[in-house]
Amino acid sequence: MNTGQQPSPPDIAQAGSRSPVPPAGTHGHAPLAVTVVGASGDLATRKIFPALFALHARGLLPAETRLFGFARRPWSDDDFRRHLTPGLKCEELAADVCDLRQRDFLPRCHFVPGDYDSADSFRDLQRRLEAACGSPVHHLVYFAIPPTLFGRVAQAMRAAGIVTDGESPWTRVVVEKPFGTDRRSSDELTRLLGGCFREEQTYRIDHYLGKEVIQNLMVLRFANTIFEPLWNRRHIHHVHIAWSEDIPLAGRAGYFEGTGIIRDVMQNHLTQILALVAMECPWQLDARHVRDEKVRLLRQVVPLTRERTVLGQYVAGRLQGEPVAGYREEPGVAPDSCTATYAAAVFDVRSPRWRGVPFLVSAAKGTGTRHTEIRIHFRAPDNDLFHALLAKGAAGQGLLRGNELVIRVQPDEQILMRVVSKVPGSGFQLDTAALDLSYREAYAGTRIGDAYENLILDVLRGDRSLFIRNDELEAAWDLFTPLLMELDTCRQTPHPYPFGTPGPEARRELAARYAIEDA
Ligand code: NDP
Ligand code: BG6
């Protein structure tokens, strides 16, 4: 347990330095202002301010930091502070210490009401910011607003003169996903934001890249010698990237109804995971080389078609024994909505390393569990010495024939390798056992921070390696745009599946076509 002594605050350049990439363009001594546009919303309240508070509580923000919430509702500073308070938690601190940290943090939070397309509103913000921080000030702006507002806010900020172009003091802008709705709108948004911010000051965030296990993927693949010789079509039968969530939309239907699961999760979070699993080893560990390899890989993936995809939509079901309404019954959803809450797709990666290896990617809302994992399924051995025994299994059930590497991203971070093993004792029974690297045990006592904490620190340090580059975004949209255009015509209704189940039955048929048993 922490003693409660506030660690001395670092310069921005040193804030939480954890990546081997040296910080760029950071100048430690000016105060820091963080503005969250859309501060009344779900993301700001549940993720961004709690992450900023966690960084503050650990002494990772500069001493002279001020935080500004901007949104339309007419809140005072006090209203805003009351709104934020329940979300400010510090798991590893004693209650009285946490309380102290909150009392230091909340007075630094200010609220500026205004309209998203009004330059005058952002002039107000600038005045408040200068009054609180003086000048010069480094300024991190976070767009926590629906994507339809990105362009208008950027133009109003530019017109208000709140954006500085220089290296010191800097203005850096974090833009949330989904970035557009297809390739064309994404290009248009890039053009629009490009007129207001330089590419070097634009940070397109995908919070999955800040998750601990995702950051470990490159290390696992390229810092160990045992995986690379096996990481190819000769040894790997298929890869399954599986994402599921067990919560209803809870007020986000307005956003989700026009978005759907492919744009919400698959085009960004899961495509990034696919790229990191399948890409070649970057020449160097820096932002440019890592992102070059991801783009090269994404360009070798064949755009998705209807034949390789299964879509679903949850209907009424149960969660932990309690009834849950179907998607179409959610407030804000059309009674005949064709928006998919489930998608499974088999990607065809045409690189020499992967040709012929199916990559099954599945994303499901409204299931009975929340988990994200990557399963690398190896081929069965060429010799079939143990075939008969394996088919019988320890308790009579069939057993895995090849090995499987399971990389669990959440909820309990874990990397495990399933191997076939003899059950101890007389007789000769085989079993599938696991070599298990469970983070909870292996790194007991080490705090695993939220992805947003990691990524906000990277923005402060000017490290863009975990943010999405322009051409990455283009390549990702190109994979989905033809299919999305077809789906937007709503000619096909997604398969229904009850809330609390893993997805529509049709997913099994799709997987079976590629000899995948674990869909
Ligand atoms: P919200 O729907 O909560 O919107 C955020 C704020 O924007 C609202 O509080 C509201 O503020 C304002 N707003 C909402 N709709 C409109 C509208 N139609 N016109 C004008 N203002 C509006 O969104 P989230 O916080 O859920 O998401 C924000 C962004 O973050 C999105 O791009 C989303 O994709 C992304 N994101 C969200 C995640 C999450 O967990 N929520 C996770 C990852 C990304 P007010 O009315 O006070 O002005
Ligand atoms: C967001 C999606 O990007 O990711 C949400 O918009 C989803 O729909 C969320 O719930 C999941 O994030 P996490 O970190 O909870 O897995």
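How many cavities of 30 Å³ or more does the count come to? The count comes to 1 such cavity, a cavity being a set of points, on a 1 Å grid over the protein atoms alone, where a 1.4 Å probe fits but cannot get out. The structure is a predicted model, in which local features need pLDDT of at least 70 and side-chain atom pairs count only at pLDDT 80 or more, while totals for chains, interfaces and linings use all residues. Residues are numbered from 1 along each chain as its sequence is written, chains are lettered from A and ligands numbered from 1 in the order in which they are written, and side-chain values use heavy atoms, with hydrogens and water left out.

The largest cavity has a volume of about 130 Å³, the volume being the space filled by probe spheres set on grid points that are joined across faces, edges and corners. Its lining (residues with an atom within 4 Å of a point) comprises 15 residues, and Lys-177, Asp-206, Asn-268, Ile-468 and Leu-473 lie nearest the centre. Helix 9 (260-278) and helix 14 (470-488) are the elements that give two or more residues to this lining; helices are DSSP runs of H or I with at least four residues, numbered from the N terminus. The largest share, 4 residues, comes from helix 9.

Ligand 1 is surrounded by 21 residues (a heavy atom within 4 Å), of which the closest are Ser-40, Asp-42, Arg-73, Tyr-116 and Lys-177. Helix 1 (residues 42-57) supplies the largest share of this shell, 3 residues. Polar contacts are pairs of N or O atoms within 3.5 Å. In one of them, a polar side-chain atom of Ser-40 lies 2.7 Å from an oxygen atom of ligand 1. Backbone atoms also take part: a polar one of Leu-43 is 2.8 Å from a ligand 1 oxygen, and an N or O atom of the Lys-177 backbone lies 2.7 Å from an oxygen of ligand 1. Taken alone, ligand 1 exposes 870 Å², of which the protein buries 78%; accessible areas come from the Shrake-Rupley method with a 1.4 Å probe.

Lys-177 is also listed around ligand 2, along with residues including His-207, Tyr-208, Glu-245 and Arg-252. The side chain of Gln-410 places an N or O atom 2.8 Å from an oxygen of ligand 2. Ligand 2 taken alone exposes 400 Å², and the protein buries 87% of that.

Technical notes:
Polar contact = N/O pair within 3.5 Å; in protein donor to acceptor, adjacent residues only side chain to side chain. 1 Å grid on protein atoms, 1.4 Å probe; cavity = no way out; pocket = protein on both sides within 12 Å on 5 of 7 lines; lining within 4 Å.
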